[in-house]
Amino acid sequence: MEENLANRSRAELESALRDSSRALQAMLATQLRGVDDHFQQLLNNSERVLQDAFPGAFGELYTQNAQAFGDLYTELRLYYHGANLHLEETLAEFWAQLLERLFRQLHPQPLLPDDYLDCLAKQAEALRPFGDAPRELRLRAPRAFVAARAFVQGLGVAGDVVRKVAQVPLSAECSRAVMKLGYCAHCLGVPGARPCPDYCQNVLKGCLANQADLDAEWRNLLDSMVLITDKFWGPSGAENVISSTHMWLAEAINALQDNRDSLTAKVIQGCRNPKVNLQGPGPEEKPHRGKLVLQEKPPTGALEMLVSEAKTQLRDVQDFWVSLPGTLCSEKMAMSSTSDDRCWNGMSKGRYLPEVMGDGLANQINNPEVEVDITKPDMTIRQQIMQLKIMTNRLRGAYSGNDVDFQDASDDGSGSGSGGGCLDDACGRRFSKKSSSSRTPLTHALPGLSEREGQKTSAASCPGPHPFLLLLLLTLVLAAPRPRWR
């Protein structure tokens, strides 16, 4: 009967833990879907305006290059969803390709040689054919996108941590202590006595000692998520930049058309005359269209409402891990409302005298109710603490405008810093579309990206064995004594 009661006690506590975890997971998932859907909708709406307005305003300057614009939006979506590409390089390559294509269209008569177009590309920064639009987008877009995706990734990591911690089994010592808490009073003839509050607290603080160690990094993560939302607002904020991407593109093409003649003269001056007539349109050339003037739409307030609700709920669950013993005692353990002579103290009906233990594994060394080995922390929970540190470091980097990869953050056990000291070569996170890889690796994928894609990336990032170690292992195998067969 004692074994059956211990198993029943463990099952009841694990069920209560799962219920609490499911409620927290559901809240985080709801906030993630709301904010993620909003940011994706902003980008989709921007592309839709571009597709509707650009053909009529720019004619073939757009229609013959529609694929390039579509590819840019695809790259922006990949980056937002966690693709390990360098957004500034992506934008630079887009502008370079667009300049070459549009310059050919504006001068369709001569067949421009490749070396001439190479010279044009080298002169682009000085010529500024698209005006200030490329520079403004390069400065604003990376910061905006990294802030948006870091916040959504933070919600995803928080939900993953809660889910994995909920699967950690309770120890045998915990099962016996919970059985004593809930059922021994019945065996001793005092079934009406409810557990004393401090007694229940000590039992569950011992049972959930490892979970309480999540508290510090959990708070750091939620604080960083609340802080990063400051980067959503204003002219350079995530909401304005993501929703106005098409306006930068329209401004760029307007500038190119306005500066066509002076651009051509500067190209001839800097790249020599290609011995073909670049001055003036050919006899069959179609006149270019007029300017496209787009009105910036004010924010609807939807994101502000979503973020306000998310911040409130994140603050409400900051103490989730350390408050869990008290919550379960009051809601699931039928605890007595007061600590007096009428409550169950684990031995009899009477006042509970031992002091309440502190939170976390180290504070359970003298727990009178649960035997806890403080030298053996739960490895699953330690791994989740590290995930919280890494995501916090990513959020802090995003607040400073830096895109800190997970592997960069893991070098700093404190989880602090902006990642500004990470060299590009060392981080290994620059991505070229000319790479032979057909798929874009992911850092921490948002919901909707395939698990297989993430697994491929993880496998690809594992370092191979050192050749010296392989040689040493082979030498040991060859030198080992072999059995003699009779």
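## Charges over rings

A charge sits over a ring if NZ of Lys or CZ of Arg is within 6 Å of the ring centre and within 35 degrees of the ring normal. In this predicted model, the charged end of K231 lies over the ring of Y399, 4.4 Å from its centre. Likewise, R149 places its charged end over the ring of Y79, at 4.1 Å from the ring centre.

## Aromatic pairs

Let's turn to the rings themselves. There are 14 aromatic pairs here, counting rings of Phe, Tyr and Trp (its six-membered ring) with centres within 6.5 Å; planes under 30 degrees apart are stacked, over 60 edge-to-face, and the rest tilted. One of them joins F39 and F232 edge-to-face, 5.2 Å centre to centre with 80 degrees between the planes. This pair links distant parts of the chain, 193 residues apart: F39 is in helix α1 (residues 2-58), and F232 is in the loop between α11 (215-228) and α12 (238-243). Helices (H or I, at least four residues) are DSSP runs, numbered from the N terminus.

Are F39 and F232 buried or exposed? Both are buried, that is, under 20% relative accessible area with a 1.4 Å probe, protein chains only.

F69 belongs to helix α3 (residues 66-80) and F94 to helix α4 (residues 87-106), 25 residues apart.

## About the model

Residues are numbered from 1 along each chain as its sequence is written. Local features need pLDDT of at least 70, side-chain atom pairs count only at pLDDT 80 or more, and totals for chains, interfaces and linings use all residues, while side-chain values use heavy atoms, leaving out hydrogens and water.

Key: Helix = DSSP H or I, 4+ residues; strand = E, 2+ residues; numbered from the N terminus. Buried < 20%, exposed > 50% of the residue type's maximum accessible area, 1.4 Å probe, protein only.
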